[in-house]
Amino acid sequence: MAAVKINELHKDELPWIIEYDESKCIQCGKCTAVCSFNAIEPAVETRKTSNSITERGKCEKVLVIKQNVSLENYCRGCGMCTRVCPNGAIKAVRNKDDKYSVAYRAQKADSFKKGGRSNLNTEGRTLDKIKIGRISQMTDPSLDAQRHTFELKTPFGRVLSPEKLNFEVKDGKLNQTKPLPPNRWIYPIIFGDMSIGAVSWRMWEAMAIATAYLNEVMGIPIRMCTGEGGIPTSLLKSRYLKYMILQIASGHFGWNRIIKTMPEMTEDPAGILIKIGQGAKPGDGGLLMASKVTRYVQEIRGVPKADLLSPPTHQGLYSIEESVQKMFLSMNAAFKFQVPVAIKVAASVTSVPVYNNLLRDPYNIVGGFFLDGLAGGTGAAHEISLNHTGHTITSKLRDCYLAAVKQGRQGEIPLFAGGGLGQTGSFAADAFKLICLGANGVFTGRMLLEIAGCVGNDIGRCNACNTGKCPAGLTTQDPNLVKRLDVDKVAENLVNYILATDIELKKLMAPIGCSTLPIGRSDALITVDKHISNRLDIQYAC
Amino acid sequence: MCRIGAIKSKDKLHPSIALKLMRSQQKGHDDSGFAFIMQDMGGLFENYKDLPLLSMAATVEGTRLAEDILREIGFSRVMQWTPDINNKKGLKINAMPNYVFEVLQYPKSYSHATCEEKQELLIDTAIRLRKVLEESNSGFIYSFWPDTLTLKEIGSPKDIGTYFNLWQENSDLTSHIITAQCRQNTNYDIVRYAAHPFFLEGYTALVNGENTFYEKNKFYQMSLYKGYLGFESDSQCLMYTLHYIHKILKWPIQYFKHTVTPLSYDEILKRNDKEVLLRIKASLANLEINGPNTMLAVTPEKELMCVCDSKKLRPIVIGRDENTVVMTSEVCGINDLLPNRDISNDIYPNEHETILVKDDLTIERWQQ
């Protein structure tokens with residue numbers, strides 16, 4: 001009897017199993033060439049040519065596609081092989097008996113890492129259980145989404161209470177006599193913070209092109225956050241800088257170059273975003289594998305080729321007050337108090353105390369509170385963080401808004417919410433509902449990747465952003481893979497998606513009779529879930 | 001939809017004029033009520049303009065509770081007027097047992113108090129009375145302020161007029177300003193406090209429309225000032241906003257329009273005062289109204305004001321002759337009151353306009 005090697009990794013334990021139909025295969029080699037994970041390779045099988053039990057030794061060699069079985073090179077289900085196969089001879093099939101992550105830990109004695117998003121999905125989606133239930137009819141007229149004018153703009157930057165504006169009355173007119181914190185009016189969607197490094201330079205460039213196009217051609221004042229990875233010098237010196245929110249996180253990557261270029265900047269950036277935490281992996285810092293640290297990433301960030309770890313905490317900060325005094329003051333001062341400085345934190349049970357504390361900051365220098373929910377995406381994370389840490393966005397956003405309401409300070413530090421928006425294909429509806437619950441705007445990164453061609457999903461497909469082998473050329477720096485991405489096409493698709501979202505937002509504003517953003521208009525929402533109704537303080541419907 | 005009206009005249013007006021103004025505009029069917037506020041009083045109240053005038057409807061128990069509180073604080077009654085009730089059979093009115101209209105003297109300890117201190121006492125007392133009457137379900141306090149008289153009741157406007165004998169003109173009950181609402185129907189519970197006109201510290205407001213930003217307004221106003229309470233009607237929010245802009249912030253009154261219907265960002269950018277307007281748009285975003293509303297108001301300076309929503313979705317017309325200015329929802333009401341006026345002087349305000357009728361009846365029109 002043949003010995004079975006139970007303790008060796010077997011194909012049956014991998015997350016995806018390749019189904020290969022030899023009869024359709026023309027041996028063109030496209031599937032093996034396209035597989036960035038080296039999960040399949042050509043192989044030779046020896047087969048008997050006769051079924052006779054008396055004849056022996058008559059065999060033939062057959063060329064086949066074989067699935068690799070290894071901890072490093074295994075199929076992620078990205079489906080690229082199927083896309084390139086002219087005859088549909090090959091496909092990856094989900095393996096419900098997958099034990100890969102167990103085997104990984106057992107053999108490597110290391111935490112299992114992945115990219116993309118959480119695949120556990122135990123929490124369900126609150127936003128899908130909320131509907132826009134207040135339809136203006138005979139009491140107040142609804143609007144026509146096509147014909148009426150709508151204003152989709154929201155303040156970004158510290159908003160002072162009216163008493164603190166200190167206007168002086170002269171000749172029956174109000175005059176601003178004292179300097180006030182910087183405040184800008186922007187589109188309520190922000191392209192989320194993905195760094196050059198985490199995403200390919202082509203993907204980053206496509207986002208930047210789309211941002212500029214939306215602003216300068218379409219008149220949509222959308223902003224893009226750079227992520228913590230710096231920004232090309234040419235862009236720093238260009239007029240397009242005014243559309244970019246520069247991010248600083250615990251690694252301070254790229255800031256050497258930003259600071260050195262400051263004398264040559266012709267425009268102020270749109271804002272500064274201090275990243276404290278990320279919704280998809282709160283508690284983890286940034287993680288850029290050395291394989292993705294190419295020469296230009298090294299140059300922009302000012303680092304050697306090595307694993308780049310942004311610490312989970314900002315070293316040297318131990319309290320909210322201190323972060324206000326050190327980080328906010330210094331970032332404000334760096335741009336002469338002309339640029340809004342905002343903060344991004346992972347949604348957490350502690351978000352309300354943090355928000356309350358910032359609301360009371362005596363310097364009035366916190367210009368935005370970005371709250372990131374657990375269903376957001378990430379370039380790389382420990383699976384344990386991705387699947388088991390974080391806080392859903394909806395209730396925490398609502399908590400923060402209502403905490404401000406309690407003090408009569410809603411809107412003073414604009415709230416921006418993100419994390420899993422558009423997960424079920426309805427980005428505009430998700431954004432609209434969060435705005436009604438109190439958000440000034442939303443931000444998204446993952447949605448942009450999906451628009452650009454990401455093949456990953458929430459049920460285990462791909463999610464290999466951490467490997468640097470992104471088959472769509474999005475989260476890789478491998479020149480051959482990056483070439484798969486058509487910069488202009490991606491930029492065009494991003495622009496189109498925002499234009500579509502703009503139409504859809506108006507289609508939701510019109511029936512509730514709103515021509516400006518319905519920030520905090522939770523009276524427009526209903527839910528069929530009693531618990532959600534109680535928790536979010538919106539009307540229960542059945 | 002409510003029909004609203006405001007009359008300001010050099011003559012002394014009897015409330016019958018308010019009934020006449022509203023009569024032809026009535027199209028409703030649920031007889032939800034009639035209410036009016038008289039300011040700049042004549043008649044019996046003319047000699048007591050500086051003293052607080054309490055307007056209250058209550059049960060016997062409620063009246064006793066209120067009187068006890070007023071006495072405890074130190075107020076003393078100077079004069080009382082009781083309406084001549086005609087309780088004939090078949091009137092559609094949901095009347096209260098007592099209607100109290102009395103002029104009070106301030107407590108002795110306030111004999112050297114400043115105007116602000118006296119006003120503070122009045123608002124604190126009004127809030128306390130309201131709380132006690134509410135808790136004991138024994139009545140409603142509508143106004144407690146000098147030179148101001150309020151009456152609100154549920155029922156058919158015509159029958160309310162008959163019940164209080166308001167159709168019969170006389171010189172006892174008169175004033176130079178009357179604001180009135182003939183409630184046609186109400187979409188919500190019929191509650192006396194929800195009936196316009198609303199009054200707070202010299203500011204009166206009537207609003208025709210639906211405040212679709214009610215929840216936003218309310219959430220913000222709840223903690224802004226102690227007098228902002230009730231919120232029984234979404235229209236109260238507009239009065240509180242007017243009070244906040246003009247009395248608390250002490251901003252010129254034209255900034256009320258910039259607050260409730262701010263110009264669009266693109267329009268603001270074209271203006272010289274863009275910095276100020278953008279700050280108002282951001283800092284007072286919670287006081288915006290975005291639905292259909294026309295508001296009439298009276299200021300402590302005895303000026304009438306009219307402001308429309310930014311889409312001009314609700315009607316209003318202003319007619320005048322030498323002695324009187326009338327603002328109301330439909331022109332037929334003005335035709336009944338001022339049939340001989342020059343109709344070419346009628347004003348139909350636009351969506352950017354604020355109309356202010358000064359105390360001498362001159363009219364100012366401001367474009368936003």
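Into which domains is chain A divided? Colour 11-110 as domain 1, then 128-159 + 175-310 + 333-402 + 412-540 as domain 2; these bounds come from an automatic or database domain assignment.

Before you click on, know that this is a predicted model, where local features need pLDDT of at least 70, side-chain atom pairs count only at pLDDT 80 or more, and totals for chains, interfaces and linings use all residues. Residues are numbered from 1 along each chain as its sequence is written, while chains are lettered from A and ligands numbered from 1 in the order in which they are written.

**Stop 1: between the domains.** The centres of the two domains of chain A, taken over C-alpha atoms, sit 39 Å apart. Show the contacts (C-beta atoms, placed from the backbone, within 7 Å): 10 residues of domain 1 of chain A meet 10 residues of domain 2 of chain A. On the domain 1 side, you'll find four nonpolar, four polar and two charged residues. Here Ala, Val, Leu, Ile, Met, Phe, Trp, Tyr, Cys and Pro count as nonpolar, Asp, Glu, Lys and Arg as charged, and the others, Gly among them, as polar.

**Stop 2: the barrel.** Select β11, β12, β13, β14, β17, β18, β20 and β21 of chain A: in that order, these eight strands close into a barrel with parallel pairing. Neighbouring strands of this sheet are turned by 30° against each other on average, direction ignored, with axes fitted as lines to C-alpha atoms and angles running from 0 to 180 degrees between N-to-C directions. Strands (E, at least two residues) and helices (H or I, at least four) are DSSP runs, numbered from the N terminus, and two strands pair if DSSP finds at least two bridges between them. Zoom in on β14 (271-275) and β17 (341-346) of chain A, a parallel pair with four bridges. A:I272 has A:V341 as its bridge partner in β17(A).

**Stop 3: helix α11.** Now pick residues 393-406 of chain A: this 14-residue helix reaches 20 Å from first C-alpha to last, close to the 20 Å expected at 1.5 Å times one less than its number of residues. Just past the helix, A:G408 has a positive phi of about 65°.

**Last stop: A:Q325.** Look in helix α8 (320-334) of chain A. Why is A:Q325 partly exposed? Because 15 other C-beta atoms lie within 10 Å.

How values were computed. Two residues are in contact if their C-beta atoms, placed from the backbone, lie within 7 Å. A residue is buried if 20 or more other C-beta atoms lie within 10 Å of its own, exposed if 12 or fewer, and partly exposed in between; C-beta atoms are placed from the backbone.
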